[in-house]
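Colleague: I'd like to learn how to read salt bridges in a model. Could you walk me through some?

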Amino acid sequence: MAREAPEPIRPLRTNHPLHSGLVRLQRHYRSRRTAPTSALVDSPHPWARALGLTAVVLLGAWLGLLIVGSVRTPVGPMDTSMTLRPSLSGGTKINVSPLGALELDSHLAPIRLDVDVDQLDPERSSALVKHPERLSGLQDEVARDVTDGTTELAVRSCVAVVSGATALGLAVYRRPRRALAAGGLALALLAASGASAYATWNPKSVLEPKFSGLLSSAPSLVGDARSIVTEFDVYQRELARLVTNVTKLYDATSTLPVYQPDPATVRVLHVSDIHLNPAAWHIIGSLVEQYGIDVIIDSGDTMDHGTAAENAFLDPVSDLGAPYVWVRGNHDSRVTQAYLDRLENVHVLDEGRAVTVAGVRIAGSGDPQFTPDRSVVAQGDPAERMTGLRLASALRDQKRAGTPVDIAVAHNPVAARESDGEVPLALAGHVHHRKTEVLPHGTRLKIEGSTGGGGLRAVQNEKPEKVRASVLYLDRQTRRLQAWDEITLGGLGLTTAEVSRHLPEENTPGATPSPTPSASPP
């Protein structure tokens, strides 16, 4: 019996409920086969995505500012660098190398403005010196330079944060849309920070600055900040004139006339009372090179407050080109002395200690007083005389030992006078003016002025001090003074340069030799 053919299966109607269910199931499995593995995992919570995007934006913006967010811009004859940095408290930080830093609470925002004063541009400074008429327009030039620099910094910072956030977003998400979103958010955050800084801008922050480094003593060096604010135009003019004349001062030291002494002459450079003026190192280095100096003698007050923060100021001493002999002044602390004692090519003298440098025997004692320490009552001249008496005793001991001293050094002239009769030449400083005299028992006392022009505090004086140093010429055989050149350079407000030659009375034509110093009673 023939089997009946099976009834063909009829397809489901498209509007049948079972048909629609099968279609949905088929689509589901197809999507499972074609979707990447990451799609099978539950998508992150919206808050997690937002947190991740924020981290990418902040990190990218910071990297952008770090790499390309700095602007080098001239401000008058100065070269400066301006940078925006992320910060929790905002404000402005001005770095003045090598003196330290000045911080102002100028605004509240998550960005801080850093300004680095790099150097004095020699070409622009020379042009200012050669064309003094340009000084009258220096204030306007500085204002334009600051405006141009901050504008360029704002534009560059926008580009930096957008580029940094976009690049990092593209690296993390690999989707252009997400990367552009990160860049847009970074720009919005920077704009919000700028608006916050503008809204919280505090121009009175200059009245309460915070100093660090060597500038920690700035309030006593530059005067009352309120006077700077109320007389800002005056200070602006004076600052421009100061920059101009310091440039002229540098130019003068590089063209000093060169003396050609007898080859048998020992050349000693006497400096004193530098008082933390960085320009002094340039001046001393120039004199050492042009005069062929054999030894430098510093009769003290190299510092201003004697703090450990000031010690870095002394680092150039080792590279001046000649041995450096130093005694402590009343503005130099034991901390200062210990730091100098560790430097190469430096000889620290105290308690009558003697050294022989370039064939010359030199002894000295440090000042017994440290006047910046207000907790100790100053003992005045009696303490200086006692130090001088101990120095004279040490000089006599050296003479009895067969190693007589040629030069005695003390900071205060009161102490140096006690060496009268024990040594041919005594050197001192302290009083900031130059004086030479022959003491009753034959010792010649030479008091030097300030080689630092009174230091940074000279800007407070109505008539700034001149910069003074002396080159002493000693006979190599007898180690006696043959002549000396007094070098006087214009202070912070002047531009003169003078070199005057002096001979001891016994070396002038027709004069009789002076007697050997006779020892005063012990």
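Colleague: Which residue meets Asp 114 in a salt bridge?

Modeller: Side chains of opposite charge can pair when their charged atoms come close. A salt bridge here is a side-chain nitrogen of Lys or Arg within 4 Å of a carboxyl oxygen of Asp or Glu. Asp 114 pairs with Arg 112, at 2.7 Å from N to O. This is a predicted model, where local features need pLDDT of at least 70 and side-chain atom pairs count only at pLDDT 80 or more, while totals for chains, interfaces and linings use all residues. Residues are numbered from 1 along each chain as its sequence is written, and side-chain values use heavy atoms, leaving out hydrogens and water.

Colleague: Is Asp 114 buried or exposed?

Modeller: Buried means under 20% relative accessible area, exposed over 50%, and partly exposed in between (1.4 Å probe, protein chains only). Asp 114, at 10%, counts as buried, and Arg 112, at 26%, as partly exposed.

Colleague: What is the salt-bridge partner of Glu 422?

Modeller: Lys 399, with the closest N and O atoms 3.9 Å apart. Glu 422 lies in the loop between helix H13 and strand S14 and Lys 399 in helix H12, so the pair ties together parts 23 residues apart in sequence. Helices (H or I, at least four residues) and strands (E, at least two) are DSSP runs, numbered from the N terminus. Glu 422 is buried at 4%; Lys 399 is partly exposed at 40%.

Colleague: How many salt bridges are there by this rule?

Modeller: The count comes to twelve. Arg 328, Arg 334 and Asp 350 are linked in a network of them.
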